[in-house]
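Biologist: I've got a model open on my screen and I'd like to know what the labels rest on. Can you take me through it?

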Amino acid sequence: VTDRNGDMEIWLHKPGQQERPLVTARDFPPDTTQWLWSPSLSPDATRVIYTRNERNGSIRLWMSAVAGGAPVRLVKASADVDFAGSWSPDGNWFVYWHTTQAGKVSLNKVKTTGQAEPEVVKADVSRAGRWVPVWSPSGEWILHDDGGAKLISPDGKTTRDLSSKTAVAYAFSANGQTIYGIRQVAATDRLELFSIGVAGGAEKTIGSLGREYLPVSAYV
């Protein structure tokens with residue numbers, strides 16, 4: 001996400017190639033887009049899903065093709081708020097946070113066909129973290145924050161606590177069998193990098209980092 005041209009835009013960077021815009025103000029009615037957040041490329045890198053905050057206060061998920069064309073709403077029309085998430089490894093689903101006008105938060109998933117009906121994976125989530133839900137590369141689990149880091153199966157039927165301590169960022173290993181996290185060390189200016197097996201077991205501390213390496217973005 002960049003404002004290098006004045007308006008919020010989403011650009012694509014590929015090594016060895018010139019950067020180019022994927023989503024610009026011209027893709028929407030004039031003077032309606034206030035912010036663009038959380039762009040997420042599909043596993044095959046042909047589409048990008050992102051959050052669009054309109055000047056009227058509406059916050060919606062949109063999808064654009066990398067090859068070009070008009071953007072489409074990801075979730076069928078709703079008066080509620082949808083934002084920030086990740087793709088399933090096969091590219092057929094997207095998991096994201098949903099907030100009702102009454103302030104209730106749920107973990108939802110939706111097919112990536114455009115204008116699809118959402119499905120609730122977990123209702124009444126106690127969401128307190130600064131990280132988005134993460135779909136495992138193996139497809140078996142979704143990592144999310146529900147008053148602490150939790151694993152939940154995509155059908156919502158199986159859940160498991162991951163840790164009593166919530167980190168500021170999480171990621172799966174490429175095979176989906178290990179989770180890596182970064183958390184702040186209490187009463188210090190240091191960060192701690194750790195790992196834990198998806199199948200369970202004790203956390204392993206890998207090392208420490210200075211606060212200058214804390215992952216953060218103004219457009220999370």
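This is a predicted model: local features need pLDDT of at least 70, side-chain atom pairs count only at pLDDT 80 or more; totals for chains, interfaces and linings use all residues.

Biologist: Fine. How many helices and strands does the chain have?

Modeller: Zero helices and 18 strands. Both are DSSP runs numbered from the N terminus: helices are H or I with at least four residues, strands are E with at least two.

Biologist: What percentage of the residues count as buried?

Modeller: 45% of the 220. Buried is under 20% relative accessible area, exposed is over 50%, and partly exposed is in between, with a 1.4 Å probe and protein chains only.

Biologist: Now the sheet with β15 in it. Why are β15 and β18 said to stand at the edges?

Modeller: The order is β15-β16-β17-β18, an open sheet of four strands with antiparallel pairing. β15 (169–172) and β18 (204–210) each have a single partner strand, so one side of each is left without a neighbour in the sheet. Neighbouring strands here are turned by 20 degrees against each other on average, direction ignored; the axes are lines fitted to C-alpha atoms.

Biologist: How do you know that β16 and β17 pair?

Modeller: Two strands pair if DSSP finds at least two bridges between them. Strand β16 (residues 178–184) and strand β17 (residues 190–197) have seven, in the antiparallel sense, so they pass the cut-off of at least two. Arg183 stands opposite Glu192, and Thr178 has Gly197 as its bridge partner. The two strands form a hairpin with five residues between them, and Ala187 in the turn has a positive phi of about 65 degrees.

Biologist: What about β17 and β18: how many bridges do they have?

Modeller: Six, again antiparallel. Leu193 stands opposite Gly207 in β18. This hairpin has six residues between the strands, with Gly200 at a positive phi near 120 degrees.

Biologist: Why is His144 called buried?

Modeller: His144 is at 2% relative accessibility, so it falls in the buried class. It lies in strand β12 (residues 142–145). Not counting residues up to four places away in sequence, His144 touches several residues, including Trp97, Trp131 and Ile152; contact means heavy atoms within 4.5 Å.

Biologist: And why is Lys76 partly exposed?

Modeller: Its relative accessible area is 43%, so Lys76 belongs in the partly exposed class. Lys76 is found in the loop between β6 (72–73) and β7 (81–87).

Biologist: Which side chain makes a polar contact with the side chain of Lys76?

Modeller: That of Glu117, at 3.5 Å. A polar contact is a pair of N or O atoms within 3.5 Å; within protein, one must be able to donate a hydrogen and the other to accept it, and residues adjacent in sequence count only if both atoms are side-chain atoms.

How values were computed:
Residues are numbered from 1 along each chain as its sequence is written. Side-chain values use heavy atoms; hydrogens and water are left out. Axes are lines fitted to C-alpha atoms, for helices over the stretch in contact, and angles run from 0 to 180 degrees between N-to-C directions.
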